Amino acid sequence: MPELTQVVDSEVITAYATYAVIVVLKMMLMAPLTSYYRMKKKVFANLEDTKLAHPVEEPKFVRVDPDVERVRRCHQNDLENVVPFVLVGLLYSLTGPDAATALAYFRVFAASRLCHTVAYVLPLPQPSRALSWLTGLVVTCCMAYRVLLHNFRL
């Protein structure tokens, strides 16, 4: 078992930190993208928010738009997948994995989430979105499995 100082200073932790920040920033950018779509389409979640688009007029309605909802669902999907990756990826990184394998996991996950966002927001025909989502899920599950193997000596 590697010493903690070796693990923290390792290439794996550096790669993990880089790719974790990339996917977290991508996830965070979904909120401003949702706001952009709301302003562009004049679709607001709360009645008081209509003042942002019509500051002089009295607010009249709150409505739902398919494009805004599509971006919101993409953001929700990021929350459901990026957070587990960040947690499992950290635990995986602390097990002292092979650097090449770890780097491949991190890169594939980040690429899958970027592809998923493009496929969701544009939208691209299925199964592009489903395959990109499944790829990220498989990567996270593989890392989780390796953590369990390492910790329980299975």
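K42 is partly exposed, at 38% relative accessibility; the class covers values between buried, under 20% relative accessible area, and exposed, over 50%, found with a 1.4 Å probe and protein chains only. The model is a predicted one, in which local features need pLDDT of at least 70 and side-chain atom pairs count only at pLDDT 80 or more, while totals for chains, interfaces and linings use all residues. Residues are numbered from 1 along each chain as its sequence is written, and side-chain values use heavy atoms, with hydrogens and water left out.

K42 sits in the loop between helix 2 and helix 3 (50-53). Its phi is near 55°, a positive value in a residue other than glycine. The loop between helix 2 and helix 3 also holds F44. F44 counts as buried because its relative accessibility is 5%. Leaving out residues up to four places away in sequence, F44 touches R38, M39, D49, T50, A53, V62 and R63; a contact means heavy atoms within 4.5 Å.

## Overall fold

The protein chain contains six helices and zero strands, and from the N terminus its elements run α-α-α-α-α-α.

Of the 154 residues in the protein chain, 36% are buried. The chain exposes about 9200 Å², with 67% of that supplied by carbon and sulfur atoms; the areas come from the Shrake-Rupley method with a 1.4 Å probe, and for residues only the protein chains shown count as cover. Among contacts in the chain with a separation of 6 or more, 70% join residues 24 or more positions apart. A31 and V71 are 40 residues apart in sequence, yet their C-alpha atoms are 8.7 Å apart. A31 belongs to helix 2 (residues 11-41) and is classed as partly exposed because its relative accessibility is 34%.

## Nonpolar cores

In soluble globular proteins, nonpolar side chains tend to be buried together. A nonpolar core here is a set of buried Ala, Val, Leu, Ile, Met, Phe, Trp, Tyr and Cys residues joined through side-chain atoms within 4.5 Å. The largest one has 20 residues, and V23, F85, Y92, Y105, F106, F109 and M143 have the most contacts inside it. At least two residues of this core come from each of helix 2, helix 4, helix 5 and helix 6 (128-152). Helix 2 gives the most, seven residues. Another core lies apart from it and has eight residues, including M30, V43, V68 and V121.

## Aromatic rings and charges

Six aromatic pairs are present in the structure. Rings of Phe, Tyr and Trp (its six-membered ring) pair when their centres lie within 6.5 Å; planes under 30 degrees apart are stacked, over 60 edge-to-face, and the rest tilted. One of the pairs joins Y92 and Y105 edge-to-face, at 5.5 Å centre to centre and 65° between the planes. This pair links distant parts of the chain: Y92 is in helix 4 (residues 66-93), and Y105, 13 residues away, is in helix 5 (residues 99-121). Y92 and Y105 are both buried. Ring pairs also link Y92 and Y105 into a cluster with Y16, F85, F106 and F109.

Two charged residues are placed over rings. R129 lies over the face of Y120, at 4.3 Å from the ring centre, and K40 over the face of Y37, at 5.7 Å. The criterion is that NZ of Lys or CZ of Arg is within 6 Å of the ring centre and within 35 degrees of the ring normal.

## Cis prolines

The peptide bond from L122 to P123 is cis, with omega near -20°. Another cis peptide bond joins Q126 and P127, where omega is about 15°. P123 is found in the loop between helix 5 and helix 6, and P127 is found in the loop between helix 5 and helix 6 as well.

## Cysteines

The structure holds zero disulfides, a disulfide being a pair of cysteine sulfur atoms within 2.5 Å. For C141, the closest cysteine sulfur is that of C142, and at 7.2 Å it is too far for a bond. C141 is partly exposed, with 45% relative accessible area. C115 is partly exposed at 47%.

Conventions: Helices (H or I, at least four residues) and strands (E, at least two) are DSSP runs, numbered from the N terminus.
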